[in-house]
Amino acid sequence: MTETCDADAPHLIIDVQTTPATTLDSALTATIQQQLAERHLLPQEHLLDSGYVTADQLVTSQTTHQVDLIGPAPADTSWQARQPDGLDVTAFAIDWAAGVAVCPGGKRSVHHHDERVRMGSAQWVHVFAFAEADC
């Protein structure tokens, strides 16, 4: 369900999607935005719960519709995040414009590229490499 939430206007339900229970919420984000765009109802900021937010959608929502997705990012379930001494993605500061990541030790990455990988479905991942002497 999508509803307006402007402070100075009534709250109106403007979109409803129904799916089988096995469908991931995040599979609908692009569809919802496309339908809102077709009806000229896209907001500047789209407030979502974590089920509808993925890293890819944070980028494509902005590039496709100029809409900022606002919502908690999904939890990092990588093996690194599960290790007591592991470093997950939240440990790094990323400057997307410069294509550089900075590790917790303050060292800057020396290389960055995007790579298409298969993790359930094909998706893009961002790869940052650090100098061996720094890590």
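This is a selection-by-selection tour of a predicted model.

Residues are numbered from 1 along each chain as its sequence is written, and side-chain values use heavy atoms, with hydrogens and water left out. Because the model is predicted, local features need pLDDT of at least 70 and side-chain atom pairs count only at pLDDT 80 or more, while totals for chains, interfaces and linings use all residues.

**Stop 1: helix α1**

Select residues 29-38, helix α1. Helices here are DSSP runs of H or I with at least four residues, strands are runs of E with at least two, and both are numbered from the N terminus. Thr29, Ile32, Gln33 and Leu36 are the buried residues of α1. Buried means under 20% relative accessible area, exposed means over 50%, and partly exposed lies in between (1.4 Å probe, protein chains only). Look down the axis of α1: its buried residues fall within an arc of 95°, so they line one face of the helix. The arc is taken over the directions from the helix axis to the C-beta atoms. An α-helix has 3.6 residues a turn, so residues three or four places apart point the same way.

On the face of α1 turned away from its buried side, pick out the exposed residues Ala30 and Glu38. Next, show β1 (2-3), β2 (13-15), β3 (45-47), α2 (55-65) and β4 (68-70), against which the buried residues of α1 pack. Contact means heavy atoms within 4.5 Å. After α1 comes His40, with a positive phi near 55°.

**Stop 2: His46**

Move to His46 in strand β3. His46 is buried, at a relative accessible area of 6%. Its side chain and that of Gln33 are joined by a polar contact of 3.1 Å. A polar contact is a pair of N or O atoms within 3.5 Å; within protein, one must be able to donate a hydrogen and the other to accept it, and residues adjacent in sequence count only if both atoms are side-chain atoms. Leaving aside residues up to four places away in sequence, His46 touches Ile32, Gln33, Leu36, Val67, Asp68, Leu69 and Ile70.

**Stop 3: helix α2**

Select α2, whose buried residues are Gln57, Ser61 and His65. Seen down the axis of α2, these residues fall within an arc of 35°, so they line one face of the helix. They pack against α1 and β4. Ala55 and Thr63 are exposed on the face turned away from the buried side of α2. Gln66 follows α2 and has a positive phi, near 60°.

**Stop 4: the salt bridge**

How many salt bridges does a search of the whole structure find? The search finds one. Select Arg39 and Asp15, which form a salt bridge with their closest N and O atoms 3.5 Å apart. Arg39 lies in the loop between α1 and β3 and Asp15 in strand β2, so the pair ties together parts that are 24 residues apart in sequence. A salt bridge is a side-chain nitrogen of Lys or Arg within 4 Å of a carboxyl oxygen of Asp or Glu. Arg39 is partly exposed, at 38% relative accessibility, whereas Asp15 is buried, at 6%.

**Stop 5: exposed loop residues**

Finish with Thr22, in the loop between β2 and α1. Thr22 is exposed, at 75% relative accessibility. Thr77, in the loop between β4 and α3 (79-82), is exposed at 59%.
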